[in-house]
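Please read it with the structure open.

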2 protein chains.
Amino acid sequence: MARVVVDVMLKPEILDPQGQAVANALPRLGVSDVASVRIGRRVEIEFEGEADVERAREIADKLLANPVIEDYQVKIEEQAS
Amino acid sequence: MARVVVDVMLKPEILDPQGQAVANALPRLGVSDVASVRIGRRVEIEFEGEADVERAREIADKLLANPVIEDYQVKIEEQAS
């Protein structure tokens, strides 16, 4: 088993209301040194056998990310277990 | 500016219908070697000045993760830009 992780984030120029809501709540927790919070998706794809980055990229293109508003990064994750 | 990333995932024993839906769609794309797909949240916290992992952990506990059903991991991210 091998795990490939796809991180899908809104493009920097796209407004992220969910992250903004968290950022706005921080002063009430006494946190004042945070400049911004952005929230995206982390997708863990578990392959039977070898990790297949090209395949994961294809899955991200077709199913996971909206290329108009989102960027994604694909990486192989070393597994402890 | 320093970035701390909080990855929030459902605990392994909790059903993930969103990931399941993606996994179920894969055979239609001709992908048959994926054992499972899990979808969680990736939160990027941008600190003014130093990255503060302890602070990020506190934010995760109070705002980002539901400890009943979710686990999270906090890490400092090296930034290219």
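1. Terms first. Two residues count as in contact if their C-beta atoms, placed from the backbone, lie within 7 Å. By that rule, chain B brings 29 residues to the contact and chain A brings 29 residues. Keep in mind that this is a predicted model.

2. Which elements of chain B build its side of the contact? At least two residues each come from β1 (2–10), α1 (17–25), β2 (34–47) and α2 (53–64) of chain B. The largest share belongs to β2(B), with 14 residues.

3. The side of chain B that touches chain A holds 16 nonpolar residues. Ten charged and three polar residues make up its other classes.

4. The strands pair across the contact. Strand β2 of chain A, residues 34–47, runs antiparallel to β2(B). The two are joined by 13 bridges. For a landmark, look at Ile45(A): this residue stands opposite Val37(B) in β2(B).

5. On symmetry: two copies of a chain are related by a rotation about an axis and a shift along it. Here, chain B superposes on chain A with a rotation of 180° and 0.0 Å of shift along the axis. The RMSD is 0.0 Å. Therefore the relation is that of a two-fold axis.

6. Where does chain B come nearest the axis, by C-alpha? At Arg41(B), whose C-alpha is 2.2 Å from the axis.

Conventions:
Residues numbered from 1 in each chain as written. Chains lettered and ligands numbered in written order. Predicted model: local features only at pLDDT ≥ 70, side-chain atom pairs only at ≥ 80, totals over all residues. Least-squares fit on C-alpha atoms with pLDDT ≥ 70 in both. Helix = DSSP H or I, 4+ residues; strand = E, 2+ residues; numbered from the N terminus. Nonpolar A, V, L, I, M, F, W, Y, C, P; charged D, E, K, R; others polar. Pairing = 2+ DSSP bridges.
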